[in-house]
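Look at the sequence and the structure below before reading on.

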Amino acid sequence: MSGDRIQLIVNEQPTPARAGQSVAAALLEAGYVAWRRTRHGGRPRGAFCGIGVCFDCLATIDDVAARRTCLVEVAEGMRVQLDGEVER
C-alpha cells in the first residue's frame, strides 16, 4: 500500500482515502460506522468480516450495485453510493 492521498466521492461528498486501501477501510477511516440497513428490521450494517465472506459492507461503487466494499481497492475519483441512512 503506497498511502498516497486520493479522493473518493461518497454520497456526492469528497472523501479522502489512501491509495491501496479497500473502500471499507476508507469509509471507516472517514468515520462511517454503518453504510446500509437490512431490508427486514432496518438494522445498520457496515464492515464486519473485512475479508469478503459476509455481505454486510455492500454499497454501490461506480454504478455497480451490491459490491462488497472490503474487496474493492479505492481509486481516484471513485464514486461510492451508500444505501439508506448512514451512521457516522
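Thr38 sits in the loop that runs between strand 3 (36–37) and strand 4 (44–45). Helices (H or I, at least four residues) and strands (E, at least two) are DSSP runs, numbered from the N terminus. The model is predicted: local features need pLDDT of at least 70, side-chain atom pairs count only at pLDDT 80 or more, and totals for chains, interfaces and linings use all residues. Residues are numbered from 1 along each chain as its sequence is written, and side-chain values use heavy atoms, with hydrogens and water left out.

**Thr38 and its surroundings**

- Thr38 has a relative accessible area of 16% and therefore counts as buried (buried means under 20% relative accessible area, exposed over 50%, partly exposed in between; 1.4 Å probe, protein chains only).
- The side chain of Thr38 reaches the backbone nitrogen of Arg43 at 2.9 Å.
- Apart from neighbours within four places in sequence, Thr38 is in contact (heavy atoms within 4.5 Å) with Arg43 and Arg45.

- Side chains of opposite charge can pair when their charged atoms come close.
- A salt bridge is a side-chain nitrogen of Lys or Arg within 4 Å of a carboxyl oxygen of Asp or Glu, and by this rule the count is 5.
- Arg45, a contact of Thr38, forms a salt bridge with Asp56 (3.5 Å, N to O).
- This pair links distant parts of the chain, with Arg45 in strand 4 and Asp56 in the loop between strand 4 and strand 5, 11 residues apart.
- Arg45 has 24% relative accessibility, so Arg45 counts as partly exposed.
- Asp56 has a relative accessible area of 19%, so Asp56 is buried.
- Asp56 also forms a salt bridge with Arg36, where the closest N and O atoms are 3.9 Å apart.
- Because Arg36 lies in strand 3 and Asp56 in the loop between strand 4 and strand 5 (58–61), this pair ties together parts that are 20 residues apart in sequence.
- Both Arg36 and Asp56 are buried.

**Salt bridges around Arg18**

- The side chains of Arg18 and Glu29 meet in a salt bridge at 2.7 Å, N to O.
- That pair links strand 2 (residues 13–18), which holds Arg18, to helix 1 (residues 23–29), which holds Glu29; the two residues are 11 residues apart.
- Arg18 is partly exposed at 28% relative accessibility, and Glu29 is partly exposed with a relative accessible area of 43%.

Notes: A polar contact is a pair of N or O atoms within 3.5 Å; within protein, one must be able to donate a hydrogen and the other to accept it, and residues adjacent in sequence count only if both atoms are side-chain atoms.
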